[in-house]
Amino acid sequence: MTEAVPSDSLWEREEEVAAVERTIDTLKSDNSTAGSLLVIRGEAGIGKTALLAETRRIAERRGCTVWAARGGETLRSVPFNVVRQLLQPALLSLMPEEAREYLGDWYDIAGPALGIAEPGERRADPQGVCDGLVAAVRRLARRDWPLVLLIDDAHWADQETLRWLAAFAERLDDLSVLLVVAHRHGEVSGESARHLDTVAAAGRPLDDLSALTPSATAGLTRATLGPHADAPFCREVWAVTGGNPYETVELLAKVQDSELAPTEGAAAELRALNRSARGGGLVARLEELGIDATRFAWAAAILGTGISVGLVARLATLEYEDAARCAELLLAARILTEPDPANQQVGDGDLEFFHPLMATAIYNSIPDALCTAMHGIAAKVVTDYGFGAAMASRHLLQVHPDSDEELVEQLREAAREHLAVGAPDAARRCLERALVEPPVTEVHALVLYELGCATLLTAPARTITHLQTALAMPGLDSDTRVEAVYRLSQALLHNDQLEEAVRTVEAETARHKDGPARLRLQAVHFMWEGIHAGEASSPGRSEQLAKLAATCTGRDNSERALLILRGFDAMTHGENAEEVVELCDRSLVNGRLAPGLGWTDTEWGIELLMMLAGAYAYSDRLDRAESLYNEALRAYESAGWSGGHLSLAHAYIGLGHRRRGRLREAESSLRESLRIAERVGRGLPLYWSATCNLVDVLLARGHVDEAWAIAEQYGFAPPYPSTIVLPDPRSVRGRLLLAVGRTKDAINELEQAEKAATARGHHNPVLVPWAFDLAPALATEDPVRAARLVSDVRRRAERFGTDTAIGEALRCAAALETGQRAVRLAAQAVAYLEASPCQYEHAAARVEYGIAARSVAELNRGLTLARSCGADGLATKAREVLDTGRGLR
């Protein structure tokens with residue numbers, strides 16, 4: 001039996017091909033098999049593309065569905081370019097209603113990025129779009145199993161695709177699909193390199209592809225030219241190409257075209273032939289085809305994708321018939337080829353380059369001035385063909401700056417289109433290029449403002465610079481200027497510069513006379529001061545806020561914001577809870593958030609609504625708090641906002657469950673919050689919210705070791721963030737230290753919580769519960785001080801007036817007493833906490849009362865409540881006392 005001859009560049013690739021076959025066979029064996037990822041790496045021309053082509057042939061022979069895509073060196077600035085290549089053919093094969101059915105809720109989120117749906121009115125969240133693209137493949141893969149995804153030249157993929165690829169690679173365990181990624185070493189840096197590293201870490205890299213040996217080169221030479229090719233000729237082929245498979249295949253094609261005899265006598269001509277197959281030689285060969293063919297190839301290289309004869313004819317200023325003739329010449333010369341019809345997507349043309357190395361060599365051969373001019377023409381041609389400003393923008397980025405007002409407007413429009421589909425980096429590039437033009441004076445500040453808004457979520461430090469510069473220039477009208485100040489203060493907050501955010505808004509407020517703009521700035525100023533965790537607020541802040549809020553009826557959102565801020569401030573200070581709730585209720589319209597104050601509205605941001613929900617939550621109005629938290633979660637999920645906003649929504653859902661006493665549900669929500677927060681980045685306020693609340697819940701459940709492990713793993717320790725976190729991190733940290741037996745450290749931590757709360761005037765004993773733990777901790781060594789703390793906390797709880805606050809204060813008082821006084825206080829605590837919505841605290845009070853009164857009935861009630869809450873430690877405590885049975889009645 002004759003051994004099969006390897007095709008093209010597949011000589012000495014038996015091990016790699018065998019690995020591919022095994023992986024595909026595993027994929028096909030069971031549709032519940034975990035996904036696989038193979039990574040092919042190597043230098044240019046080493047055979048990555050050929051191995052991917054063989055992977056496709058193997059997969060298709062075994063009945064697999066194959067989708068393929070390829071990066072392009074000149075297309076890296078086109079967002080979602082590669083992922084569109086990959087998914088569009090499959091989606092375009094569906095009817096629109098089928099595509100919507102398959103993608104479900106993700107259709108409106110991922111559809112615009114894939115080019116199959118129009119963007120919505122709201123700016124897309126990049127993380128949400130990324131998650132939507134992962135979900136799109138997940139859902140389509142179930143339909144098209146067994147599915148193989150091939151991505152070539154991933155080092156040239158756009159940033160948005162690489163982000164998706166890294167996220168997808170990490171989630172292959174529960175998706176039966178094979179992903180094969182090929183890329184060169186060392187071609188990218190920064191964020192792109194990190195994404196490729198993530199892909200490599202998630203997969204199984206094949207050994208780096210090596211050059212062909214002399215023996216394999218001889219075999220390939222004789223398979224191509226005939227068995228009569230002599231040994232010296234074959235050795236020279238290897239010496240000339242260095243065993244590079246692509247160069248070897250191209251050189252042998254040239255030998256065939258030139259009808260050179262494969263003998264030792266002709267070997268000397270191989271070097272000249274090899275030069276004509278690549279680089280400058282390729283350009284020289286192109287020039288031999290004529291000036292029209294050269295112009296056609298240049299225009300094709302400028303376009304990079306969507307190469308059609310008509311489009312190239314316009315760009316190269318050729319008649320259509322002449323352009324068609326040039327296309328035939330370039331096809332015959334193996335410079336251009338027809339694309340695989342299985343991978344056609346929207347905007348694809350009739351042609352593509354035979355190999356990316358050829359496209360690069362031809363693009364680099366275009367004279368610089370001509371290249372710049374052709375990009376300018378290409379932008380107009382692409383726009384005229386109806387592909388939009390975003391598609392034209394990659395050409396506009398290359399145009400020489402010339403104070404062109406129209407170009408600036410085109411780039412601004414392209415930036416808006418990029419933001420609408422979730423590509424802020426692409427928007428940033430457009431606006432940064434617009435600044436280089438430069439814009440005229442009256443537009444310059446607007447471009448800086450738009451640039452600052454584009455980078456707000458991804459680069460707060462850069463945003464700060466852009467917005468500060470914009471505010472120092474003329475050109476912003478009053479409303480835009482106020483919006484710019486607000487955005488700047490948000491960026492300062494995200495960059496952990498809250499004090500500067502407060503000063504910035506305060507200074508701008510002083511510039512305005514009384515009116516809507518000043519009122520909004522005042523509200524923003526109070527908002528940032530309200531969430532600042534510094535040692536003290538500005539003198540008389542609460543009095544000023546109370547005075548201003550007293551004039552508000554809730555007729556517009558600035559007044560509603562001030563009512564919310566006043567309600568939150570009153571709650572933190574421990575003022576009467578009924579007044580807190582009344583203030584918050586006045587900020588609503590028919591019991592709901594006013595238009596423009598929704599969770600996805602950008603005018604005020606998430607912080608204000610979290611303050612509203614927090615004021616309700618700690619005033620024993622958990623029904624309203626939970627309604628707001630659930631509304632936030634629904635809004636973010638439906639809008640595809642799966643970054644920091646979604647993390648906070650889950651954190652506050654967890655906080656609501658914790659207040660209710662649903663500890664298992666709270667833990668689940670908070671773990672999800674922490675998972676998303678990890679993806680967004682450590683150290684941010686949202687990260688603290690997830691970690692602090694999770695530690696608090698685990699302590700309530702009695703899972704002390706796990707709480708300590710979470711604290712250690714996620715850095716839940718000083719220094720604390722500059723924004724306040726609910727509940728107070730120092731109080732939770734102090735309780736954790738007590739639970740692990742570090743009493744001295746715990747007392748120090750709780751005393752620091754006392755000091756910080758006193759400085760801020762935060763006297764709500766439920767919000768900042770340091771006294772509930774510090775008093776019992778001091779009971780032995782300093783009983784006088786412990787008694788004073790209990791007296792103070794009871795006074796503050798009664799002033800605030802909620803059942804939870806009073807009940808918790810009574811529990812604390814009972815813990816310091818003995819005998820009948822302890823029993824009476826514990827019974828009073830039960831009475832208050834039974835009326836409270838906080839069931840964990842009620843369960844704890846029942847158990848403590850049962851122990852103090854030695855009551856089997858009360859202990860059993862406490863045990864039942866503890867179990868329903870998921871408070872395992874409390875249930876164990878009650879069970880142990882019941883099992884002992886001594887002194888019970």
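**Exercise 1.** Work out whether F387 counts as buried, partly exposed or exposed in this predicted model.

*Solution.* Start with the number: F387 has 36% relative accessibility. Buried means under 20% and exposed means over 50%. F387 therefore counts as partly exposed. Now try Y385: at 39%, Y385 is partly exposed too.

**Exercise 2.** Find how the rings of Y385 and F387 are arranged.

*Solution.* A pair of aromatic rings is described by the distance of the centres and the angle of the planes. For Y385 and F387, the centres are 6.5 Å apart and the planes make an angle of 10°. Planes under 30 degrees apart count as stacked, so that's what we call the Y385–F387 pair.

**Exercise 3.** Now do the ring pair Y687 and Y714, and say which parts of the chain it ties together.

*Solution.* Here the centres are 6.1 Å apart with 65° between the planes, which makes the pair edge-to-face. Next, locate the partners: Y687 belongs to helix α34 (residues 685-701), while Y714 is in the loop between α35 (704-713) and α36 (729-739). The pair therefore ties together parts 27 residues apart in sequence. Last, check accessibility: Y687 is buried at 3%, and Y714 is buried at 15%.

**Exercise 4.** Look at L612: is it buried or exposed, and which residues does it touch?

*Solution.* First find L612 in helix α30, residues 606-617. Its relative accessibility is 0%, so L612 counts as buried. Leaving out residues up to four places away in sequence, L612 touches I564, C584, S587, L588, L593 and L628.

Notes
Residues are numbered from 1 along each chain as its sequence is written. This is a predicted model: local features need pLDDT of at least 70, side-chain atom pairs count only at pLDDT 80 or more; totals for chains, interfaces and linings use all residues. Side-chain values use heavy atoms; hydrogens and water are left out. Helices (H or I, at least four residues) and strands (E, at least two) are DSSP runs, numbered from the N terminus. Buried means under 20% relative accessible area, exposed over 50%, partly exposed in between (1.4 Å probe, protein chains only). Contact means heavy atoms within 4.5 Å. Rings of Phe, Tyr and Trp (its six-membered ring) pair if their centres lie within 6.5 Å; planes under 30 degrees apart count as stacked, over 60 as edge-to-face and the rest as tilted.
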